[in-house]
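Visitor: Please put the sequence and the structure up, and then take some questions on them.

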Amino acid sequence: MPSYCPGTESEIAGKAEACAGCPNQNICASAKPAEPDPDVDLIREKLQNIKNIILILSGKGGVGKSTFTSMLAQSLAEDSAKNIGVMDIDLCGPSMPRIFGVEREQVHLSGSGWSPVFVEENLCVMSIGFLLGSPEEAVIWRGPKKNGLIKQFLKDVDWGDLDYLLVDTPPGTSDEHLSVVKYLQSTHLKGAVIVTTPQEASLLDVRKEISFCNKVELPVIGVVENMNVFVCPKCKVSTEIFPPTTGGGQRMSEEMNVPFLGKIPLNSQIGQGCDQGQLFVKEDNFVAKDHLKTITESILQRINTT
């Protein structure tokens with residue numbers, strides 16, 4: 001399997017060094033180059049009033065990427081003067097409707113396009129979860145259909161004027177990632193925040209995610225280490241549930257020469273809040289409030305200097 005595919009639309013498709021050994025090399029080399037996608041210009045015009053677009057990535061599933069996306073959105077939305085949007089393109093595992101407590105809401109179609117579901121006055125979300133018959137319904141789609149829906153979310157949703165649009169992606173480096181980077185190339189895409197947990201099994205995949213970002217020229221805003229430690233609510237003793245055998249996310253960030261944004265502890269309050277669809281970040285007793293505030297400020301500082 002090639003370490004990096006230039007894509008069928010590339011002029012070097014089937015001819016690049018990475019294509020050696022690929023079973024589709026001859027097909028790609030002989031195929032007529034595809035015409036530029038006209039929808040890229042439509043997407044640029046549609047999203048011109050969105051000031052900052054941030055992708056949330058993870059190399060591995062189960063590290064809390066969607067949970068972090070929701071917490072970051074809530075943290076940004078604490079400023080009532082800012083408008084925040086969340087686009088859920090984890091098409092096979094859409095969790096945003098449940099996390100934000102809007103599972104039973106429906107997407108409405110107007111003359112200006114699909115209307116996202118509003119969680120609060122300044123926080124809205126769009127997900128395939130709103131388009132399914134039930135939360136248990138599986139999305140069994142091939143790449144082209146997935147890419148088509150992502151394109152619809154970008155050009156057919158009436159996002160309005162947003163200060164920040166967070167894009168929650170599936171784990172890994174698949175069709176969805178390539179498509180969203182391509183479609184957003186002419187927009188105010190600021191870069192990617194990558195979420196990991198401390199153990200090496202997660203860090204190994206995050207290194208691949210950083211490599212992906214470098215190859216598609218997507219700036220890495222920074223790395224967040226989730227589930228860092230567990231603090232017992234009774235005895236207050238800290239325990240490393242996932243011991244960082246190789247130094248954790250901070251050491252990995254130094255080795256990969258990317259910013260390290262901070263750590264978020266493992267806590268039942270976060271899990272219960274997401275399961276119950278509660279906006280817990282603004283609560284005074286939110287255990288990770290200071291950690292999340294520091295990470296949010298670091299992200300804003302970095303995107304404002306790009």
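Guide: A residue is called buried under 20% relative accessible area, exposed over 50% and partly exposed in between, with a 1.4 Å probe and protein chains only. Helices (H or I, at least four residues) and strands (E, at least two) are DSSP runs, numbered from the N terminus. The model is predicted: local features need pLDDT of at least 70, side-chain atom pairs count only at pLDDT 80 or more, and totals for chains, interfaces and linings use all residues. Residues are numbered from 1 along each chain as its sequence is written, and side-chain values use heavy atoms, with hydrogens and water left out.

Visitor: How many of the 13 residues of H3 are buried?

Guide: Helix H3 covers residues 65-77. Among its buried residues are Phe68, Met71, Leu72 and Leu76. H3 is mostly covered, and the number of buried residues is 12.

Visitor: What is the angle between the planes of tryptophan 114 and phenylalanine 153?

Guide: Rings of Phe, Tyr and Trp (its six-membered ring) pair if their centres lie within 6.5 Å; planes under 30 degrees apart count as stacked, over 60 as edge-to-face and the rest as tilted. By this rule there are 2 aromatic pairs. Tryptophan 114 and phenylalanine 153 form an edge-to-face pair, with 6.1 Å centre to centre and a plane angle of 70°.

Visitor: How many residues apart are tryptophan 114 and phenylalanine 153?

Guide: Tryptophan 114 is buried at a relative accessible area of 17%, and phenylalanine 153 is buried at 0%. The pair links distant parts of the chain, strand E4 (residues 113-115) and helix H5 (residues 143-155), and the separation is 39 residues.

Visitor: At roughly what angle do the axes of H2 and H5 cross?

Guide: Axes are lines fitted to C-alpha atoms, for helices over the stretch in contact, and angles run from 0 to 180 degrees between N-to-C directions. The axes of helix H2 (residues 39-46) and H5 come within 8 Å, and the crossing angle is roughly 35°. Contact means heavy atoms within 4.5 Å, and here the residues that make the contact are Asp39, Ile43 and Lys46 of H2 with Lys151, Leu154 and Lys155 of H5.

Visitor: Which backbone nitrogen does the side chain of glutamine 269 reach at 3.0 Å?

Guide: Glutamine 269 lies in helix H9 (residues 268-275) and counts as buried because its relative accessibility is 18%. Not counting residues up to four places away in sequence, glutamine 269 touches Asn285, Phe286 and Val287. The backbone nitrogen reached at 3.0 Å is that of valine 287.

Notes
The expected span of a helix is 1.5 Å times one less than its number of residues. A polar contact is a pair of N or O atoms within 3.5 Å; within protein, one must be able to donate a hydrogen and the other to accept it, and residues adjacent in sequence count only if both atoms are side-chain atoms.
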